[in-house]
Amino acid sequence: MEEYFICPECGSDDVEVIKERGRELTLRCNECGNVWIITLPKLIKVPLIVSKHERSFRTSVELPEGEEIRVGDIVETEDDEVRITGIELEGDRRVERAEIGEIRTLWGESLTYPKVIKVSIYLPKGVTQAFKVKVGRDEEFVVGEVLEVGGYTFRIEKIKTETKMLRHGGARADKIVSIMGHSIPRARARRSLEIYQGYGRESR
């Protein structure tokens, strides 16, 4: 609801509340001195199921009545930041977008919990060694980069993101599903990856 706290005269966000009466607020802009009144929308508590890899937790989020939410939007709960991955209406109907008052349940992925991605390392004789690794969501991975995990050194050849397969360039871990490449023994790795041990053993 940040847009409610933007001065309509000069566009500044340096705004303070000088009077509050229920959902009606009187605001003053500290840049130009403009004073105006707004009425905040009614907030509706919507059930939210938050995924942290193999575990899911039920909570709720307060959202403004009448506004629209879409898959991919980010909402904040009391102790988490969550990206919406699913919207469920009455009758178990799943949609990509909906008005807040129509929603029965929201589904989402915690953005405060580390990202877990799959790693497939191709070994001689057609053998593949697979891992799950825990990485920071802002970490970057690039095709051609040499990494180490579980005692294996490999060069990234492909990166699968949520939307496409990359054979060139790179991506942030937050958007990556898996990385793949051939083992290159005795090569020097740029960095080592931490194997994911499962929910409950991980620190944030």
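The questions and answers below go through a predicted model, from its domains to single residues.

Reader: Which domains does the domain assignment of the chain give?
Author: The model is a predicted one. The assignment divides the chain into domain 1 (1-40), domain 2 (43-110) and domain 3 (115-196).

Reader: What distance separates the centres of domain 1 and domain 3?
Author: The centres are taken over C-alpha atoms. Between domain 1 and domain 3 they give a separation of 48 Å.

Reader: How many disulfides are counted?
Author: A disulfide needs two cysteine sulfur atoms within 2.5 Å. For C10 the nearest cysteine sulfur is that of C29, at 3.6 Å, and C10 is in no disulfide. C32 is in no disulfide either, as its nearest cysteine sulfur, that of C7, lies 3.7 Å away. The count of disulfides is zero.

Reader: Is C10 buried, partly exposed or exposed?
Author: Partly exposed covers the range between under 20% (buried) and over 50% (exposed) relative accessible area. C10 has a relative accessibility of 42%, so C10 counts as partly exposed.

Reader: And which class does C32 fall in?
Author: The relative accessibility of C32 is 41%. By that value C32 counts as partly exposed.

Reader: Is I38 buried or exposed, and which residues does I38 touch?
Author: I38 belongs to strand 3. Its relative accessibility is 11%, so I38 counts as buried. Leaving out residues up to four places away in sequence, I38 touches Y4, R23, E24, L25 and L27.

Reader: What distance separates the C-alpha atoms of I38 and G136?
Author: Along the chain, I38 and G136 are 98 residues apart. Their C-alpha atoms are separated by 40 Å.

Reader: Where does E109 lie, and which side chain does its own side chain join in a polar contact?
Author: E109 is part of strand 11 (residues 103-110). With a relative accessibility of 15%, E109 counts as buried. Beyond four places in sequence, E109 touches residues including S51, E81, K115 and R137. Its polar contact of 3.1 Å is with the side chain of R137.

Reader: Which backbone nitrogen does the side chain of S110 reach?
Author: S110 is also found in strand 11. S110 is buried, at a relative accessible area of 1%. Among the residues S110 touches, not counting those up to four places away in sequence, are V50, D80 and R137. The side chain of S110 reaches, at 3.4 Å, the backbone nitrogen of Y113.

Reader: Which residue takes a positive phi in the hairpin of strand 12 and strand 13?
Author: Strand 12 (residues 115-122) and strand 13 (residues 128-135) pair in the antiparallel sense over eight bridges. Within this pair, S120 stands opposite A130. The hairpin has five residues between the strands. The positive phi, near 65°, is that of K125.

Reader: Which residue in strand 22 is the bridge partner of K134?
Author: Strand 13 also pairs with strand 22 (residues 194-195), in the antiparallel sense, over two bridges. The partner of K134 in strand 22 is E194.

Reader: Which strands stand at the edges of the open sheet with mixed pairing?
Author: This sheet of three strands has the order 16-15-21. Strand 15 (residues 146-149) runs antiparallel to strand 16, with four bridges between them; in one of these pairings L147 has F154 as its bridge partner. The edge strands each have a single partner strand, so one side of each is left without a neighbour: they are strand 16 (152-155) and strand 21 (191-192).

Key
Residues numbered from 1 in each chain as written. Predicted model: local features only at pLDDT ≥ 70, side-chain atom pairs only at ≥ 80, totals over all residues. Heavy atoms only, no water. Buried < 20%, exposed > 50% of the residue type's maximum accessible area, 1.4 Å probe, protein only. Pairing = 2+ DSSP bridges. Contact = heavy atoms within 4.5 Å. Polar contact = N/O pair within 3.5 Å; in protein donor to acceptor, adjacent residues only side chain to side chain. Domains from an automatic or database assignment.
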